[in-house]
Amino acid sequence: MVAVVILVALAMVIGGVLGLAAVRFRVESDPLADKIDKVLPQTQCGQCGFPGCRPYATAISAGEADINQCPPGGQATIDELAELLGVESKPLNPENGAESERPTVAWIDEAICIGCTKCIQACPVDAIVGANKLMHTVIADECTGCDLCVEPCPVDCIYMLPVDELAGGWQWPQPQADTRSTNNAAVETAGNGQ
Amino acid sequence: MTALYGFRGGIAGLPSNKEGSTSQPIQPLVIPQRLYLPIDPGVELLIKPGKRVLAGEVLTDSNATKAAVWHAPVAGRFVEIVDHPAAHPSGRSDPAMVLEPDGSADQVEFSETGWTDLSVERLIAIVESAGITGMGGAGFPTWLKLGVAESGRLSTLIINGVECEPEISCDDMLIREQADRVVVATAKLAALLQVETAYIAVEDDSPQAMAALRAAKAGHYTEGVPVGGVELVELPTRYPSGSEKQLIENLLGKQVPKNGLPADLGVLCLNVATLCAIEDAVMKGQPLTTRVVTVSGEAVARPQNRWALFGTPVADLIESCGGLTAKAENLVMGGPMMGFALASPQTPVIKTTNCILAQNRPPLDKRQPLMPCIRCGDCVDVCPAGLLPQQLYWFAKSGEHDKAQRHNLFDCIECGACAYVCPSQLPLVHHYRAAKSEIRGQQAQRIKADIARERMLARDERLARREQEAAERRLLKRGGRKAGTADPEAKKAVTGETRPAMSDEVATAMDRAKQLQQQADADETRASIESTGESVDSTEPGQGANRENGE
């Protein structure tokens, strides 16, 4: 009887302390949409069908969008999302566009630009500077390569150029013709050598 | 004699193959037809193509990028800018200045400073304007390295003459021929930087260099110069004892901290050739435009060390060494352990080019047959950084970057010792390099994404604010027309509220409208019989519209 009373009292005290602590030292948890947003490439291109990466992240977390709608992120982003959400990875939805080989950056032919500010309004990250009837130019470092400025330009003076490899960091290629971890692979590569 | 602390791992007894290139003195310059000087991205050219330049004239202004400036190595015409194969492992072509030497000895007037009355700040400025970068391998800007001296954290100066990689002997030969200069410059620099100890380190496989240094220290060349404080150290030959971190560990018994620099230990480490370049800049005001290059390898007719102008195509350099005896399978810039394969023999010599190798065997990453990793652990034994190369190999290959980083991938100095001893001939270092650059690329992307997210949020906020301001302005206008009372519900109408709260006036008006409506309905039913009640409705045309809105 005494034991039961002591245990119940203990349970109540500890429960109370824990309950208080839960309220008092509450850690602001990272909502799912934030986590998804972190994985997305932040190109803000809208190819997923949502006006930016954050809305797409919200839609995924609400179960309204699939994880394979982000062409700039490509397969790597889809895989990461699949791991984050605990679902099966899948190939990119071709309806949203194709994964680009190399990152691009917008470039304005300043000789042709008429200063209409249409591209400035279209840019999701404010990476274009200029004023009405004055030449515009792209801040290349801030440009996400989303393409959104290309279409509104009335004189077609915006081009998407591949990012300079040197500026963007040239990457050492993975050595090819490597063995796989099985012994058979050695035989295969030896066969290739002939 | 300084006691050595030694360092972990490494390989003793590599076939050094230096006999050929050290059998004759450093050969004089041969001026090629054309020089190709690379233009670093973001650098401004000070000279227009078509102009004549003098030897030593400054060609680039790199204030914006902090890259080293380039000087014209000889007098000639700056012909044009072309895309030319770059001295870079990618093998890509980059813009380069083309200089056609005209054979004259015209040069700009150099202003010498001398070691006396030289301040550290002045030295740093001289080194920067002479375009001096580390000539041992990595090419780190020397003026930035010297910047540590200004902060007063410096206690040790190490002059690195340890040429541990096989085949390379340019520093060895430079010491043999200019030992007195090396010793005096070390003493002067040590005095200027006020360091406690100064070392000149060489490997014991070059007794001639050591003998020359000893003679210089004792000899009549250095009369009047206090060189007594300069300690000459002979290191046992063991690859990679010339690597900066390993050299410091060997001499001082301290390890450079992770993600740190030698400066954190109060150490300044300079290559011998870099020291000579500093000496030239101080004593003669001469910018860095030449260096000694070792040309070696089985396919070279006469292996030798040779002075070369920056921008000299590798093909011309090899030609001046008797050309190739056979078609070289593999042209390497740098040594056999750490160098990279050149895509084109037209690639120019740059400031870090210490060696050109023409080999008869294919590069390591193309060698066959590759065998699987058997986890023999030989690579662990030789790794000077104390890493687990076989684990890093698995992680790098399978793209498990997290794990690779947890196994300290970025502490790898890419010395190639693991790949050298690997019984399966795996190109281990290539895997690490690929993984490193992939991780760096991802990190850069993440930073860029964060900036983009911030900018997107800032823009959204701005647009929302603007919308709100516009709405308020609209309201003010409308409010002015309706004389104040209509303001609150007009605001709600703008914000999209479906059922505006009614003011008393409106409520009574609505009631009246309803009554009229009911009356109208009653009239209609009567009208079906009497067809005279229409007149009541037509007196209040606004009522119908009001009702539609209400429902």
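Reply: Strand β13 of chain B (residues 290–296) is joined by six bridges to strand β14 of chain B (residues 304–309), and the two run antiparallel. The model is predicted: local features need pLDDT of at least 70, side-chain atom pairs count only at pLDDT 80 or more, and totals for chains, interfaces and linings use all residues. Residues are numbered from 1 along each chain as its sequence is written, while chains are lettered from A and ligands numbered from 1 in the order in which they are written. Helices (H or I, at least four residues) and strands (E, at least two) are DSSP runs, numbered from the N terminus. Two strands pair if DSSP finds at least two bridges between them.

How enclosed is β13(B)? Six of its seven residues are buried, so the strand is largely enclosed by the rest of the structure. A residue is buried if 20 or more other C-beta atoms lie within 10 Å of its own, exposed if 12 or fewer, and partly exposed in between, with C-beta atoms placed from the backbone.

Now the chain around the strand. Chain B has 17 helices and 17 strands. Of its 551 residues, 43% count as buried. Among contacts in chain B with a separation of 6 or more, 70% are between residues 24 or more positions apart. Two residues are in contact if their C-beta atoms, placed from the backbone, lie within 7 Å.

The largest nonpolar core has 135 residues. Such a core is a set of buried Ala, Val, Leu, Ile, Met, Phe, Trp, Tyr and Cys residues joined through C-beta atoms within 7 Å. B:Ile158, B:Val182, B:Ile200, B:Ala201 and B:Leu213 touch the most other members. Helix α4 of chain B (residues 170–193) gives this core its largest share, 13 residues. At least three residues come from each of domain 1 (11–355) and domain 2 (367–501) of chain B. Domain bounds come from an automatic or database domain assignment. B:Ile158 itself, leaving aside neighbours within four places in sequence, is in contact with B:Tyr199, B:Ala201, B:Leu247, B:Ile248, B:Leu251, B:Val267 and B:Cys269. A second, separate core has 18 residues, including A:Cys119, A:Val125, A:Cys143 and B:Ala449.

A second sheet in chain B is set out as follows. Four strands form an open sheet in the order β2-β7-β6-β4, with antiparallel pairing. Its edge strands are β2 (35–38) and β4 (52–53), each pairing on one side only. β4(B) and β6(B) are held by two bridges. B:Val53 stands opposite B:Gly76 of β6(B).

B:Val79 also belongs to β6(B), residues 76–85. It has 15 C-beta neighbours inside 10 Å and therefore counts as partly exposed. Beyond residues up to four places away in sequence, B:Val79 touches B:Pro49, B:Val98 and B:Glu100.

Compare B:Lys145, in helix α3 of chain B (residues 142–150). B:Lys145 counts as buried because 21 C-beta neighbours lie inside 10 Å. B:Lys145 touches B:Phe140 and B:Leu268, not counting residues up to four places away in sequence. B:Pro262 is 117 residues from B:Lys145 in sequence, yet their C-alpha atoms are 9.5 Å apart.

Last, chain A. It is divided into domain 1 (32–96) and domain 2 (104–168). Their C-alpha centres lie 25 Å apart. Six residues of domain 1 are in contact with seven of domain 2. Helix α3 of chain A (residues 53–61) has A:Cys53, A:Arg54, A:Tyr56, A:Ala57 and A:Ile60 as its buried residues. Seen down the axis of α3(A), these fall within an arc of 160°, so they line one face of the helix. That arc is taken over the directions from the helix axis to the C-beta atoms. The cover over these buried residues includes α2 (32–39) of chain A. Just after α3(A), A:Gly63 takes a positive phi of about 75°.
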